[in-house]
Amino acid sequence: MAHTIVIFGASGDLTSRKLVPALYSLFKKNRLPEQTRIVGVSRSQFEHQEWRDALRESVAQFAKELFDNETWEVFSQQVFYQAGDIKDLEDFKALGNFLDEIEEGGSEGRVYYLSTMPQLYDPAIQQLGAAGLADDSDGFRRVIIEKPFGTDLASAQALNKSIHGVFREDQIYRIDHYLGKETVQNIFALRFANSIFEPLWNHHYVDHVQITVAEEVVIGHRAGYYERSGILRDMFQNHLLQLMMITAMEPPARYDSAMVRDEKVKVLHSVRKMTGGDFASNTMRGQYEGYLQEKDVPAGSQTATYAALKLYCDNWRWKNVPFYLRSGKGMSCRTTQIVIQFKQVPHILFGEKTREPLGNRLVIQVQPAEGIQLHFETKVADSEMKTRTSTLDFDFNAATGGSMPDAYQRLLLDSMLGDASLFARSDEVELAWGIIDPIMAAWNSPAAPTLYPYPTQLWGPTESTDWMAKQGREWFDVC
Ligand code: BG6
């Protein structure tokens with residue numbers, strides 16, 4: 001029986017750079033369910049073959065390790081194009097007829113991928129409903145929704161409510177592509193397939209956690225979007241909070257979508273609410289120098305391109321352990337990493353008294369140097385009793401033969417197989433907005449904390465380094 005993936009927003013970048021290369025890669029690896037058809041929908045007029053030809057080049061580029069002509073020829077025969085306007089119900093009806101035709105009398109199910117502008121998510125969902133395309137009486141119907149899911153709590157709630165009028169929650173797959181990254185899923189393995197870390201994974205032994213998503217890139221031509229989102233909406237509400245949830249959650253009783261997401265959601269419930277002076281003392285914001293000169297950025301823009309937050313999870317495991325979350329554009333390098341900094345020994349026996357042992361740290365490198373390092377103190381050979389920090393190093397990339405699959409492969413496959421574990425649930429998205437909204441409000445108020453300028457290609461504002469130093473801590477600024 002056929003599976004069909006319908007991509008709305010077919011002429012967009014995401015489709016050509018990520019989605020179709022990911023589907024091709026799955027096909028090449030024999031992971032795609034048999035007879036999977038891919039149908040692109042957007043307003044432009046293309047013949048099927050024209051669209052295939054346009055995609056060929058980007059697949060050859062973005063799935064280059066797996067690309068070959070022969071496989072492409074077979075794969076691309078299952079790729080179709082249907083012009084359609086999301087505002088036009090007749091186009092949805094025509095799409096329905098076209099899908100019936102290519103599914104040749106039956107299909108296991110359909111996945112509708114909304115890769116459109118966010119303001120079209122709701123209209124597209126409503127049209128799918130009105131055209132009868134959400135009806136799952138003869139095969140599953142699922143919808144994948146790209147980020148951003150809303151722009152604040154109220155809009156996310158409204159969107160959830162509206163979508164729930166057409167699709168049940170179990171049919172809705174809200175994407176956060178960070179969850180599709182192998183290294184993020186490896187955190188589940190690290191934490192829940194080993195017993196050696198678990199006894200230490202709590203406030204008794206962990207001093208603090210740092211979650212950093214640094215990007216070297218600046219905003220480029222995205223000012224229109226970025227001015228409305230800024231770093232908090234763009235990165236924290238989704239990716240950073242997801243990483244925090246997976247780091248902080250309790251082990252689920254089973255690895256299934258309900259239980260995994262229940263545990264993640266409990267973390268968000270536990271996040272201590274900021275009030276009053278907390279916004280000034282527990283948040284830092286910055287803007288890279290040159291941001292105001294970027295195309296389409298209005299003069300005097302106060303949009304933050306860097307943020308650091310200190311959050312607490314008020315629960316049994318993490319009481320009073322700070323979780324430092326930071327992200328910035330125009331940083332020293334591209335790196336996403338989670339640092340679990342363990343407490344120092346209670347009494348230092350060895351080494352200079354001025355030097356605290358720096359080890360006792362587990363570094364989870366999410367990207368691009370995928371791996372895990374354990375930093376610990378060892379004796380300097382042939383010294384009296386000096387110590388230095390040494391590293392046990394696991395190179396995840398080498399373990400996969402050097403070709404880590406793109407996050408979208410896993411997420412697309414899971415959506416077809418009906419596994420929503422790596423997708424955000426409605427309550428999760430809303431709770432995440434509930435954490436970010438008050439910070440946004442404080443930053444937009446007259447009492448907003450200073451927006452520090454910072455030079456690109458470093459580690460954000462020096463004030464952020466000072467802020468950590470005042471707390472007796474330091475950022476792990478290593479690429
Ligand atoms: C996106 C943000 O969600 O994630 C971008 O909108 C950001 O601003 C990107 O650059 C980062 O993703 P990755 O996978 O390159 O770390």
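Let's start at the ligand: one of its oxygen atoms sits 2.5 Å from an N or O atom in the side chain of E215, a polar contact in the sense of a pair of N or O atoms within 3.5 Å. Taken alone the ligand exposes 400 Å², and the protein buries 79% of that, with areas from the Shrake-Rupley method and a 1.4 Å probe. Before going on, please keep in mind that this is a predicted model, in which local features need pLDDT of at least 70, side-chain atom pairs count only at pLDDT 80 or more, and totals for chains, interfaces and linings use all residues. Residues are numbered from 1 along each chain as its sequence is written, and side-chain values use heavy atoms, with hydrogens and water left out.

For D234, an N or O atom of the side chain is 2.6 Å from an oxygen atom of the ligand, and for K147 the corresponding distance is 2.7 Å. The residues around the ligand, meaning those with a heavy atom within 4 Å of it, also include H177, Y178, K181, R222, M235, H239, K329, R334 and Q367. Helices (H or I, at least four residues) and strands (E, at least two) are DSSP runs, numbered from the N terminus.

Now let's move to strand β1 (residues 2-8). Seven of its seven residues are buried, so β1 is largely enclosed by the rest of the structure; buried means under 20% relative accessible area, with the 1.4 Å probe and protein chains only. A2, T4, V6 and F8 point one way from β1, while H3, I5 and I7 point the other way. In a regular strand the side chains alternate between the two faces of the sheet.

What does β1 pair with? Seven bridges join β1 to the parallel strand β4 (residues 107-114), where G109 is the bridge partner of H3. Six bridges join β1 to strand β2 (residues 36-42), again parallel, and there F8 stands opposite V41. Pairing requires at least two DSSP bridges between the strands.

Our last stop is S301, found in the loop between β8 (283-288) and β9 (306-311). S301 counts as buried because its relative accessibility is 7%. Leaving aside residues up to four places away in sequence, S301 touches E227, Q287, Y291, L292 and L451, where contact means heavy atoms within 4.5 Å.

Notes
A polar contact is a pair of N or O atoms within 3.5 Å; within protein, one must be able to donate a hydrogen and the other to accept it, and residues adjacent in sequence count only if both atoms are side-chain atoms. Buried means under 20% relative accessible area, exposed over 50%, partly exposed in between (1.4 Å probe, protein chains only).
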